[in-house]
Amino acid sequence: RTTLTVAPARLVDCSNAIFIMTSDVGRAPLSAATSDDNPEVLEHAKGQCLELARSSLRSEFLNSLDDVIVFGPLSSKTLRGVVR
């Protein structure tokens, strides 16, 4: 059973919850990789992002996560579609 403390003596059952958290820790490597359409370059940048997260965030926090997913940046064309 997974619980989250939201107030003193108040626990919330999070057994079936998905938490989505975002960070710009890996912004620099991903920004550099966007100019190259090579998938290997993007994979390398994702690895750099994970290393930056490990060095920037507390290990206790990272150990509490089941998975970390690195998303590639959106292209200009995709962003224009979102804005419309």
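Helices (H or I, at least four residues) and strands (E, at least two) are DSSP runs, numbered from the N terminus. This is a predicted model: local features need pLDDT of at least 70, side-chain atom pairs count only at pLDDT 80 or more, and totals for chains, interfaces and linings use all residues. Residues are numbered from 1 along each chain as its sequence is written, and side-chain values use heavy atoms, with hydrogens and water left out.

**Stop 1: the whole chain**

Select everything and colour by secondary structure. Four helices and two strands make up the chain. Along the sequence they run β-β-α-α-α-α. The radius of gyration, taken over C-alpha atoms, is 17 Å, well over the 12 Å that the globule rule (2.2 Å times the number of residues to the power 0.38) gives for 84 residues, so the chain is more spread out than a compact globule. Along the principal axes, the C-alpha atoms fill a box of roughly 50 × 35 × 20 Å.

Now colour by accessibility. Buried means under 20% relative accessible area, exposed over 50%, and partly exposed in between (1.4 Å probe, protein chains only). Of the 84 residues, 13% count as buried. Turn to contacts, meaning heavy atoms within 4.5 Å. Among those with a separation of 6 or more, 30% join residues 24 or more positions apart.

**Stop 2: confidence**

Colour by pLDDT, the predictor's confidence in each residue, from 0 to 100. The chain mean is 86, and 98% of residues reach 70 or more. Strand β2 (residues 10–13) has the highest confidence, at 91. Helix α1 has the lowest, at a mean of 84.

**Stop 3: the loop at A9**

Select A9, in the loop between β1 and β2. Its phi is near 65 degrees, a positive value in a residue other than glycine. Most residues other than glycine have a negative phi. A9 is exposed, because its relative accessible area is 86%.

**Stop 4: F19**

Move on to F19, in the loop between β2 and α1. Is F19 buried or exposed? At 52% relative accessibility, F19 counts as exposed. Leaving out residues up to four places away in sequence, F19 touches L4 and C14.

**Stop 5: the largest pocket**

Show the surface. A pocket here is an open set of points on a 1 Å grid over the protein atoms alone, where a 1.4 Å probe fits, with protein on both sides within 12 Å along at least five of seven lines; lining residues have an atom within 4 Å of a point. The largest pocket holds about 1400 Å³ of space. Select M21, L65, D67, V68 and I69, the closest to its centre among the 32 lining residues.

Which elements supply at least two residues each of the lining? They are β1 (3–7), α1, α2 and α3 (59–63). Helix α2 gives the most, with four residues. By class, the lining has 20 nonpolar, seven polar and five charged residues.

**Stop 6**

Select N38, in the loop between α1 (27–33) and α2 (39–56). N38 is partly exposed, because its relative accessibility is 31%.

Finish on Q48, in helix α2. Q48 is also partly exposed, with a relative accessible area of 34%. Its C-alpha atom is separated by 8.7 Å from that of L30, 18 residues apart along the chain.

Terms used. Points joined across faces, edges and corners; volume = space filled by probe spheres on them. Nonpolar A, V, L, I, M, F, W, Y, C, P; charged D, E, K, R; others polar.
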